[in-house]
Amino acid sequence: MKVDVHAHYYPEKYADCLKGFGANTVSTVQAPGAELSLEQRIELLDRFNIRVQVLCVGAHQPYFAGVSEATTAARLANDLYAEVRLKYRGRFEVFATLPLPHVDAALKELERAMDVLGVVGVNFGCSVAGSPLDDRTFEPVFAELDRRGAVLFLHPVGAGCGPFLADYGLEFPLGAPFEDSIAALRLVVSGMIHRYPRIRVIVPHLGGTLPFLKMRLDGSLGGRTEYKPSEYLKRLWFDTVNENVASLHCARDAYGADRLLFGTDFPHVFGARFERCTSYIQQSDLPEEEKTAILDRNAQTLLGLADR
């Protein structure tokens, strides 16, 4: 059986809330599997032996300038997700969203989400309203996540990595893995990973470009931290949203199989791509023990699913 740590759910109430506050909402063109009901989704999960799917809002974060709008949207999303978790007990878990960049409101919602709603972790964008995650403004939130030993799942928000992506719709196909890379590497080089070692950070898409650039980064940045960046990156976890065995091998060699977690990016990845995303790990020539760890055991341990 498999545990999918990277999946999304877009309730109509939440989409309407975001739209009412002036944000763009997800479309079925962007997420072709979004039209499936939760019952149909469970049928799909059963077909591919996916026992648990962890839901988050992903790119559609409630990062509004007004604290009232941000708080209202975050609470609504978390409540809707909690309802799904309770209704389909055992099939869905939740990464909560927080009303950033408003730190006090975020701390209150973090407490409610973890202590009352029973989420398994928190989902941040790879940046927050144009600010990097290592911005000192967010230190109190990281400190509380560290105190709790919480899981933090990162996700691109469409910020891209430069000015030349929009013309061809490259913000997510190309920009997203660079967002992953930049966010994770900034957490390392800024010292955030060192200061808050109990936070268990998950980076999506096999860490973007980081496995491929391991030697270059160590050579160029190795003198800025006590250890080489690659050693700090081994303290993080990385989901397997990809469809390429060579990329999987690169990430496994860079981080170790114990740091990889199965993910699908459903409903954005759907149809034939979903099938490839769920099968390419099993089709690889990794040892069977490593395949089992990546598909199931690593996530169960990290998220404490056996205790739930």
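Start by selecting isoleucine 42. Setting aside neighbours within four places in sequence, isoleucine 42 is in contact with Tyr88, Arg91 and Phe92. Keep in mind as you look around that this is a predicted model.

Along the chain, isoleucine 42 and tyrosine 88 are 46 residues apart, and their C-alpha atoms are separated by 9.2 Å. Is isoleucine 42 buried or exposed? Its relative accessible area is 13%, so isoleucine 42 is buried, given that buried means under 20%. If you colour by secondary structure, you'll find isoleucine 42 in helix H2.

Stay in that helix and pick arginine 41. Helix H2 covers residues 38-47, and arginine 41 lies within it. Here's something to look at: arginine 41 is buried, yet it has no salt bridge. Which side chain of opposite charge is nearest to arginine 41? That would be aspartate 4, 7.0 Å away. To see what does surround arginine 41, leave out neighbours within four places in sequence and show its contacts: Ala7, His8, Tyr9, Leu36, Gln53, Leu55, Phe92, Phe266 and Pro267.

Next stop, the nonpolar core. The largest one has 82 residues, and the members that touch the most others are Leu100, Phe124, Phe142, Leu145, Leu152, Leu154 and Val201. Which helix gives this core its largest share? Select residues 67-87: that's helix H3, which supplies 7 residues.

Zoom in on leucine 100. Not counting residues up to four places away in sequence, leucine 100 touches Pro62, Tyr63, Phe64, Ala70, Ala106, Phe124, Val128, Phe138 and Val141. Apart from this core lies another, of 16 residues, including Val5, Val54, Trp237 and Ala299.

Finish with the cysteines. How many disulfides does a search of the whole structure find? The count is 0. Select cysteine 126 and you'll see that the nearest cysteine sulfur, belonging to cysteine 56, is 11 Å away. Cysteine 126 counts as buried because its relative accessibility is 6%. Then jump to cysteine 250, which is in no disulfide either; the nearest cysteine sulfur there is that of cysteine 277, 17 Å away. With a relative accessible area of 28%, cysteine 250 is partly exposed.

Methods:
Residues numbered from 1 in each chain as written. Predicted model: local features only at pLDDT ≥ 70, side-chain atom pairs only at ≥ 80, totals over all residues. Heavy atoms only, no water. Core = buried A, V, L, I, M, F, W, Y, C linked by side-chain atoms within 4.5 Å. Buried < 20%, exposed > 50% of the residue type's maximum accessible area, 1.4 Å probe, protein only. Helix = DSSP H or I, 4+ residues; strand = E, 2+ residues; numbered from the N terminus. Contact = heavy atoms within 4.5 Å. Lys, Arg positive; Asp, Glu negative; His and termini not counted. Salt bridge = Lys/Arg side-chain N within 4 Å of Asp/Glu carboxyl O. Disulfide = S-S within 2.5 Å.
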